[in-house]
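Have the viewer open and follow along.

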Amino acid sequence: MASSSVPVYLKDENLTQETRDLLSSLPSEKGWLVSQMYQFEGSWQTQALVQGIVNCQKHFEANDSDVILATLAKSGTTWLKALLFALIHRHKFPVSGKHPLLVTNPHSLVPFLEGDYCVSPEVNFSELPSPRLMQTHLTHHSLPVSIKSSSCKIVYCCRNRKDLFVSVWHFGRKLAPEETAEYPIETVVEAFCKGKFIGGPFWDHVLEYWYESRKNPNKVLFVTYEELKKQTEVEVKRIAEFIGCGFTAEEEVSEIVKLCSFESLSSLEVNRQGKLPNGIESNAFFRKGKVGAWRDTLSESLAEVIDRAAEDKFGGSGLKFSS
């Protein structure tokens with residue numbers, strides 16, 4: 001059933017005339033999650049997100065010390081926000097104390113760049129403690145120039161395409177307006193395979209960051225959701241080292257892993273009740289958090305459709321996915 005609380009980046013209430021003029025020049029299609037979506041710089045976006053992206057590109061100034069989490073939606077964003085926040089601020093907020101993650105949803109602790117810029121270009125991130133931690137769903141080529149030209153670090157997390165699709169499907173059904181919420185799953189799979197979903201195409205997004213991580217490994221760290229699940233402590237140590245806050249021999253990574261685990265975060269009152277400032281219910285971000293959960297939703301034939309669509313795209317890239 002669709003939610004009556006639509007987040008700001010799915011609305012079109014605050015569009016400027018400049019944005020409306022830009023939208024009129026872009027390819028557009030009827031969407032599933034939104035009634036209309038627009039192709040901007042190669043990816044599909046909502047009207048509000050086009051405005052947010054343009055504002056972000058024009059006005060965001062990265063610092064060399066910034067850490068940027070980049071993902072496609074439903075690729076482990078909530079988990080990574082929690083882990084990165086806990087890592088970066090672990091001396092200020094020891095896990096054994098009254099940690100902000102115990103009383104605040106991770107999405108309220110880590111700003112969503114283009115989402116925050118949707119309403120206005122007047123967004124101020126200067127009050128964030130250094131190193132500033134921010135998150136984006138932008139493709140690499142659409143990132144603000146200052147992010148790419150500065151020494152800031154980008155952590156990119158990608159997820160198996162079938163699990164990502166199923167997570168988007170369930171999340172979308174909670175948020176979609178009534179008239180589009182009941183699209184048949186076969187239709188949505190077809191759109192996904194054509195790259196026509198918010199933030200898509202999937203393979204373009206993933207491959208840009210994959211190649212960038214190989215070209216510039218000190219700038220972009222490529223992490224997979226599956227490896228993070230399989231060997232969480234090893235991957236968290238790798239992330240910590242990359243962003244410049246590696247662990248000393250005396251420190252334990254296991255406490256942070258436990259604090260940020262799906263089981264821990266999903267059981268907290270702040271993540272079970274209420275809504276975020278953007279209108280999304282807090283519990284919408286915690287469904288299963290498992291690898292291979294696509295099998296509960298996708299038939300084998302639909303799974304094969306998704307796999308076939310991506311096989312050619314990833315061929316020769318050297319990027320391997322678990323099934």
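**Rings, charges and a helix pair**

Let's start with a charge over a ring: arginine 159 lies over the face of tyrosine 225, 4.3 Å from the ring centre. To count, NZ of Lys or CZ of Arg has to be within 6 Å of the ring centre and within 35 degrees of the ring normal. Lysine 162 does likewise with tryptophan 294, lying over its face at 4.9 Å from the ring centre.

A word on the ground rules: this is a predicted model, where local features need pLDDT of at least 70 and side-chain atom pairs count only at pLDDT 80 or more, while totals for chains, interfaces and linings use all residues. Residues are numbered from 1 along each chain as its sequence is written, and side-chain values use heavy atoms, leaving out hydrogens and water.

Now for ring against ring. Rings of Phe, Tyr and Trp (its six-membered ring) pair if their centres lie within 6.5 Å; planes under 30 degrees apart are stacked, over 60 edge-to-face, and the rest tilted. That rule gives 11 aromatic pairs. One of them joins tryptophan 79 and tyrosine 225: the ring centres are 5.6 Å apart and the planes sit at 75°, so this pair is edge-to-face. The pair links distant parts of the chain, with tryptophan 79 in helix H3 (residues 77–88) and tyrosine 225 in helix H11 (residues 225–230), 146 residues apart. (Helices, H or I with at least four residues, and strands, E with at least two, are DSSP runs numbered from the N terminus.) Tryptophan 79 is buried at 13% relative accessibility, and tyrosine 225 is buried at 5%; buried means under 20% relative accessible area, exposed over 50%, and partly exposed in between, using a 1.4 Å probe and protein chains only.

Tyrosine 156 and phenylalanine 222 make a tilted pair, 5.4 Å centre to centre with 35° between the planes. Here strand E6 (residues 153–158) supplies tyrosine 156 and strand E7 (residues 220–224) supplies phenylalanine 222, 66 residues apart. Tyrosine 156 is buried at 0% relative accessibility, and phenylalanine 222 is buried at 9%.

There's also an aromatic cluster, made of Phe165, Phe192, Phe197, Phe202 and Phe314.
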